[in-house]
Structure formats: C-alpha cells, structure tokens
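Dear colleague,

I am passing on the structure we spoke about, and I would be grateful if you could look through it alongside the notes that follow.

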Amino acid sequence: MVNLVEAQKPLLHGLMKLAGIKPHSIEIEPGTIMNFWVPSETIIQKSKKNKKITTTTPFSNNQCAISPESTTKPDPSKPVVVLVHGFAGEGIVTWQFQIGALTKKYSVYVPDLLFFGGSITDSPDRSPGFQAECLGKGLRKLGVENCVVVGFSYGGMVAFKMAEMFPELVEALVVSGSILAMTDSISTTTLNGLGFSSSSELLLPTSVKGLKALLKVAAYKKLWFPDRLHRDFLEVSLFRLLLETVISIYLFQEFY
C-alpha cells in the first residue's frame, strides 16, 4: 500500500524547482555536509564528466551527495533572503508557501539544518551554536556576502546565534515563534503547562494517540485526519514524520 506521506516528496521537490530553486549540497568540514536549496540561476556547471561524491557519517544512515561539478555565484541584482526552518521539518516544507512569492524579487536560500533533509554530521555537537556556525560557513562557501535571515521556531534560535557569530554576514533578522535561547526553566515550565513530562514525549510520538496529541498542541485550530494518515506518518522516518506534521499545521493555519 502506498504511503501517502512519502508519496508527496517528489511533487514538492518538483514545485520547488518550478519556483526557481534547486538542491545543492556542500561540505562544511570533513564529516559535515549541509544541503541548501539555492536559486537555480546561481549554479554554475563546471564539468558534466565529474560525478557526485556520496558519503555517510557514523551518526546517520542517510547518504548525502556533494556536487564537485558545480559551484554557485549569487545574483548581485537581487538581495539575499535565507529561510531557516524549525525543529519540526526540513526547509522547503516549512517555507513552501513563501518561496514562490519571494523568488520573484529575492535570491532565496533555504538550508536544511543538520539532521534534517540532506544535511548530516559526525560531530557530537547538537547546539544551536553549531548549527549557526555551519550555516554561516555554508553561506560563505556559496558566495553570499550579506543577507536577511528569517528564522521560525528553533530556526529563530539558530538565526540569533548566527547574527551574533557573523555580524558582517547578517544584515537583518526576522524571527517568528522563537526565543533567544531555550533554558531548562523555560523548557520545564512549558512542558508542565502542556501536560508532558519531557520534550521527547511531546515531539517524538510513537503511537497514533501520541501524534494526535502533538497536533492538538501544535495547531491553534482543531485538526482531523483519518487514522490511516496518522499511521502513514508513523511509518516513515522520524524527521519525515515531523516534516509532514508541519505541512498539516501550515495548511490549516495559512488557508483556513
């Protein structure tokens, strides 16, 4: 039986390419690869004979392709906007409704933070600071000299750290649904108020009942989906599950 959640991925990728952005993975440092969706016109092909290098890290079974046959050069006529997603899903899912409109006037860059989409690392560092460091280095490698960074939720914390670490790179910040940093006191108070004992209990559901509880907390309007769709969520990988949760939330919040 076809998994309805997984089946939408090729369609979404096609829509993003029609909007004018393509995936481009680069090596930040040995063992760390970050995927960016970048403006199609910025990609410069060097040679069709070179093949992509596929690599893995000890912390991930995902294979990520580095593209040595191409490089990027930003369009100087358009200001650069970087859209940083939250914990719930990779970049193009979080920002799918904004990308098409923004690419008309801006050079839009949509990174997948480490452990999301096509981005992996063998570093044990899981901090927003490490995410921000890799994001800043990645944008430099892509030729971006200055940009406006838009961060949502967890991506907002990464954006704040990036502005602190790369003041010459970040021209301005737009942050929504976020805080400067997550502290133990903020985390405990929030979880207790929602009726959960830990972040993993809330964010990493393992049953249909748990997934419904997450959706109830995450959306301001009551969501209803058949149990079949909930089970499809749970059959795919963890990040795919969370990624698709964001699609559902945005569909209801943006259009209903």
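The expected span of a helix is taken here as 1.5 Å times one less than its number of residues, where helices (H or I, at least four residues) and strands (E, at least two) are DSSP runs numbered from the N terminus. Because the 14 residues of α5 should span 20 Å at 1.5 Å a residue, the separation of 20 Å between its end C-alpha atoms agrees with that expectation.

Please bear in mind that this is a predicted model, in which local features need pLDDT of at least 70 and side-chain atom pairs count only at pLDDT 80 or more, while totals for chains, interfaces and linings use all residues. Residues are numbered from 1 along each chain as its sequence is written, and side-chain values use heavy atoms, with hydrogens and water left out.

Overall, the protein has 11 helices and 11 strands, and 44% of its 256 residues are buried, buried meaning under 20% relative accessible area, exposed over 50%, and partly exposed in between (1.4 Å probe, protein chains only).

To return to α5, its buried residues are Gly129, Phe130, Gln131, Ala132, Cys134, Leu135, Gly136, Gly138 and Leu139. Cys134 has a relative accessible area of 1%, and Cys147 is likewise buried, with a value of 1%. The count of disulfides comes to zero, a disulfide being a pair of cysteine sulfur atoms within 2.5 Å.

Helix α5 (residues 128-141) packs against helix α6 (residues 154-165) at an angle of about 65°, with the axes 8 Å apart; the axes are lines fitted to C-alpha atoms, for helices over the stretch in contact, and angles run from 0 to 180 degrees between N-to-C directions. On the α5 side, the residues that meet α6 include Gln131, Leu135 and Leu139, and their counterparts in α6 include Tyr154, Val158 and Met162, contact meaning heavy atoms within 4.5 Å. The residues of this contact divide into eight nonpolar, three polar and two charged, with Ala, Val, Leu, Ile, Met, Phe, Trp, Tyr, Cys and Pro counted as nonpolar, Asp, Glu, Lys and Arg as charged, and the others, Gly among them, as polar.

On either side of α5 there are two further points. Just after the helix, Gly143 takes a positive phi of about 90°, whereas Arg126 lies in the loop between β9 (120-121) and α5 and is partly exposed, with a relative accessible area of 43%. Arg126 and Phe115 are 11 residues apart in sequence and 9.6 Å apart in space, C-alpha to C-alpha.
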